[in-house]
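Subject: Structure handover

Hello,

Here is the structure I said I would pass on. My notes on what was found in it follow below.

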Amino acid sequence: MKLNHINLTVTDVNAAREFLEKYFGLQTKSTYSDSFAVLLDDKGLLLALMKGKQVSYPKSFHIGFEQESEDQVNEINRHLRNDGVDVKPPKRAHRWTFYVKAPGGFTIEVFS
């Protein structure tokens with residue numbers, strides 16, 4: 001069995017889609033106005049973004065992007081900070097990791 005897709009409700013589909021494309025390499029497969037988008041990664045995951053007026057995820061909810069090395073984690077963090085995104089530096093926790101709030105109302109963990 002393989003996890004095939006995830007659907008996230010977001011307040012701004014286009015901003016979330018552009019963020020995921022720019023920093024995490026997802027590619028847009030299709031969009032429907034500003035209310036729905038389907039993105040793919042290079043491993044076959046399908047991530048759907050659906051517009052919602054109010055988005056409320058539990059505090060611990062997040063999606064994660066695993067990197068092959070700590071250097072890759074550091075580079076994504078540096079890219080986000082250089083673009084003015086409010087993100088703390090990576091730290092050693094359960095692994096080399098940091099979290100960032102994505103446009104649209106959900107949290108992303110980047111780790112190796």
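Two strands pair if DSSP finds at least two bridges between them. Helices (H or I, at least four residues) and strands (E, at least two) are DSSP runs, numbered from the N terminus. The model is predicted: local features need pLDDT of at least 70, side-chain atom pairs count only at pLDDT 80 or more, and totals for chains, interfaces and linings use all residues. Residues are numbered from 1 along each chain as its sequence is written, and side-chain values use heavy atoms, with hydrogens and water left out.

The sheet

An open sheet is formed by 4 strands in the order E5-E8-E7-E6, with mixed pairing. Its edge strands are E5 (63-66) and E6 (91-92), each of which pairs on one side only. E6 runs antiparallel to E7 (residues 96-102), and 2 bridges join them. Lys 91 stands opposite Thr 97 in E7.

Helix H2 (residues 70-82) packs on the sheet and touches E6, E7 and E8 (contact means heavy atoms within 4.5 Å); the direction of H2 makes about 30 degrees with that of E7. Angles run from 0 to 180 degrees between N-to-C directions, and axes are lines fitted to C-alpha atoms, for helices over the stretch in contact. Helix H1 (residues 13-24) lies across E5, E7 and E8, and runs at about 5 degrees to E8.

The core

A nonpolar core is a set of buried Ala, Val, Leu, Ile, Met, Phe, Trp, Tyr and Cys residues joined through side-chain atoms within 4.5 Å. Buried means under 20% relative accessible area, exposed over 50%, and partly exposed in between (1.4 Å probe, protein chains only). The largest such core has 26 residues, of which Leu 20, Phe 24, Leu 49, Phe 106 and Ile 108 touch the most other members. H1 gives the largest share of this core, 6 residues.

With a relative accessible area of 14%, Arg 17 is buried. Its contacts beyond four places in sequence are Thr 28, Thr 31, Ala 37, Leu 39 and Leu 49.

Aromatic rings

Rings of Phe, Tyr and Trp (its six-membered ring) pair if their centres lie within 6.5 Å; planes under 30 degrees apart count as stacked, over 60 as edge-to-face and the rest as tilted. There are 5 aromatic pairs in the structure. In one of them, Phe 19 and Phe 24, the centres are 6.1 Å apart and the planes are at 50 degrees, so the pair is tilted. Phe 19 is buried at 7% relative accessible area, and Phe 24 is buried at 13%. Tyr 57 and Phe 61 form a stacked pair, with 4.5 Å from centre to centre and 10 degrees between the planes. Tyr 57 is partly exposed at 25%, and Phe 61 is partly exposed at 27%. One aromatic cluster is formed by Phe 19, Tyr 23, Phe 24 and Phe 65.

Ser 112

Where is Ser 112 placed? Ser 112 is in the segment after strand E8 (106-111). Its relative accessible area is 24%, so Ser 112 is partly exposed. Ser 112 and Glu 70 are 42 residues apart in sequence, but their C-alpha atoms are 5.7 Å apart in space. The side chain of Ser 112 reaches the backbone nitrogen of Glu 70 at 3.3 Å.

Regards

Definitions and conventions
A polar contact is a pair of N or O atoms within 3.5 Å; within protein, one must be able to donate a hydrogen and the other to accept it, and residues adjacent in sequence count only if both atoms are side-chain atoms.
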